[in-house]
Amino acid sequence: MATRAQYESSNEIGVYCKLTNAYCLTAVSPHFFSIFESELADHIPCVQTSIAGTRIVGRLCVGNKNGLILPHTTTDQELLHIRNCLPDNVVVQKVEERLCALGNCISTNDHVALIHPDIDKETEEIISDVLGVEVFRQTIASQPLVGSYSVFTNQGGMVHPMTTIEELDELSSLLQVPLVAGTVNRGSDVIAAGLAANDWAAFCGLDTTATELSVLERIYKLEDLSPSSIVHDMRSTLIDTNV
């Protein structure tokens, strides 16, 4: 089930949180934090933090169940706080990188990462080591900011709506998960700004339509869709249409 949420009055919730299978980071906001805590606290730790003194934690860091990479602008106090709150098996590391909005430049699940074509070679090696993933330099719909225009888990992924069929096939074979081109927040193509997902939960902006919601629930396998239930849904639709 996907949950709609807002950060204060913003629907760009992916800017203010980072969700993985092992932990969840959110900007400091008791109401926003409580939305994530109520859904996730039984399974993974949820942590309120700032990064580099800002609230845009989702755009500045990148992580998966194996690790978390923070920009060099992260303060020592923030680094210590995050390390203390995350599980011991999660490696937390700062990286010296010119493109320091790491969340915009890198998209990852637990096995594969797509990165901005201009990221440093040293950073690429750190991503591979800390996150334990295969790394590919890639663009999505001719956009180098792969972290902004895609969100993928180990179950599936959503990418920029202008991604071609050929690109979708190429990306899907790289990532080894099914992909769909779509939007969030009533037509926004900046997928990662309006969506945060892991293997069993997803959160999207309050403006996300019912159609967008059903697409993302299916691609991330957040609902139990056996073949019989799909046939039943189709029959119900046909009956409703013909009555």
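## A walk through the strands and helices

Start by selecting helix H8, residues 210-219, where Glu-212, Leu-213, Leu-216, Glu-217 and Ile-219 are buried (under 20% relative accessible area with a 1.4 Å probe, protein chains only; over 50% would be exposed, and in between partly exposed). Before you go on: this is a predicted model, in which local features need pLDDT of at least 70 and side-chain atom pairs count only at pLDDT 80 or more, while totals for chains, interfaces and linings use all residues. Residues are numbered from 1 along each chain as its sequence is written, and side-chain values use heavy atoms, with hydrogens and water left out. Helices (H or I, at least four residues) and strands (E, at least two) are DSSP runs, numbered from the N terminus.

What covers the buried residues of H8? Show strands E1 (2-5), E12 (157-159), E13 (179-181), E14 (195-197) and E15 (202-205), which are among the covering elements. Then step past the end of H8 to Lys-221, which has a positive phi, near 55°.

To count as paired, two strands need at least two bridges found by DSSP; E12 and E13 have three, in the parallel sense. Pick Met-158 and you'll find its bridge partner, Val-180, in E13.

Contact means heavy atoms within 4.5 Å.

**Last stop: strand E9**

Select residues 112-115. Are the two faces of E9 covered or open? Both are covered: Val-112 and Leu-114 on one side, Ala-113 and Ile-115 on the other, are all buried.

Back up to strand E8 (residues 106-108), which pairs with E9 in the antiparallel sense over three bridges. A three-residue hairpin joins E8 to E9, and Ile-106 stands opposite Ile-115.

Finish with helix H5 (residues 121-131), which makes a right-handed β-α-β unit with E9 and E10: with the strands pointing away from you, the path from the first strand over the helix to the second runs clockwise.
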